[in-house]
Structures are given as C-alpha cells and as structure tokens.
Amino acid sequence: MRYHDITKDDMKNGDGLRVVLWLSGCRHHCPGCQNPVTWDPGDGILFDEAAKEEIEEQLEKSYISGITFSGGDPLFPENVPEVTVYIKELKCRFPEKTIWLYTGEVWEDIRELEVLRYIDVLIDGRFEQEKRDNLLHWCGSGNQRVINVGESLRRREIVIFNS
Ligand code: SF4
C-alpha cells in the first residue's frame, strides 16, 4: 500500500483536529476530483513503519481528536487488507481517538467489510459535480453521506452522524 501525504492539525476532514492519511489508489475517477494524482495505486510512497510512527506521534497528542483515512480511496480493493489490519491496530492502541474514512464506495456495497467494525464515521459515495455543495459539512456533493458507523451496524440501517 502506498500514500501521498500525512497532514497534521487538519480541521477540514472530520471532527476536531486530526491527522489525515492520503492513500494511493482509486477506481472511481470522478469528474471534478480534487486529487486525481492519487488515483494510481502504484504512485506515492510506500506505507512503512516510519509512516506509522509519524501518525502515531500525532495520535499521542491529547488535542488530536483522531485520524482520517482519505485519498485516493482507502477502500480501493488492493488497499482493503492492509487498511483493515492497520485500522484495527489503531483502534486497539488508541481507543479514545476517532477514526473517519472517506470512500467512493457506497454503504450498501461495503457494509459487510470487517474494517467497518473499527471505524467511527464513514463518508461514502463518489463526488458528483452536479450535486456539488460548498455548504456541506465534511463532504463535497449532496449524494455523499456522513455515516455513524457503529449505530448503522447496530440498527441495520444508515444513521447519519451528528457532531
Ligand atoms: S472517489 Fe474521491 S478520490 Fe476517487 S475519484 Fe472520486 S473524488 Fe477522487
């Protein structure tokens, strides 16, 4: 698995101040995507122990609310096995921190994935230019949903996240 960037003290990609991991690989190719440079899974930097240390150093800070996985698509098929193991590890090590994940997939197609058990909030769906709305909180187009994952799994229906 490869990545393009790790950004710190981010306020735009989830609740609170966060560290954001921008992974390589996306099969959706949405017109108007702001990050087409991340589409190629072979591009970017190898996600190695040094990258993990950089992230964990951030999560150890009390004022950091958690981590957001973005890209690219963290649920690009080739990313899923490694993302699942890493998110599970983070949830065990930092149970008080929240984990958010952006994907171009829709909830209905991925709700059985193991990785969802360790995620707090999922923003789903492709970016649709004709539904673009700059007033939306945490997403770019009206078709995307900010999903409370734990409640949605428990109730077996989509529950929208309320901050
Ligand atoms: S899913 Fe996200 S990263 Fe992938 S093409 Fe669409 S907007 Fe870009």
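**Overall fold**

The protein chain holds four helices and seven strands, where helices (H or I, at least four residues) and strands (E, at least two) are DSSP runs numbered from the N terminus. Along the sequence these elements follow the pattern β-β-β-α-β-α-β-α-β-β-α. This is a predicted model, in which local features need pLDDT of at least 70 and side-chain atom pairs count only at pLDDT 80 or more, while totals for chains, interfaces and linings use all residues. Residues are numbered from 1 along each chain as its sequence is written.

Along the principal axes, the C-alpha atoms fill a box of roughly 40 × 35 × 30 Å.

**Helix 2**

The buried residues of helix 2 are V83, Y86, I87 and L90. Seen down the helix axis, these buried residues fall within an arc of 100° (taken from the directions from the axis to the C-beta atoms), so they line one face of helix 2. They pack against strand 4 (66–70) and strand 5 (98–102), a contact being two C-beta atoms, placed from the backbone, within 7 Å. The face turned away from the buried side carries the exposed residues P81, V85 and C92.

**Ligand surroundings**

Among the 13 residues around the ligand, C26, C30, C33, G104 and F127 come nearest, a residue being near if its C-beta atom, placed from the backbone, lies within 6 Å.

Terms used
Buried ≥ 20, exposed ≤ 12 C-beta atoms within 10 Å, placed from the backbone.
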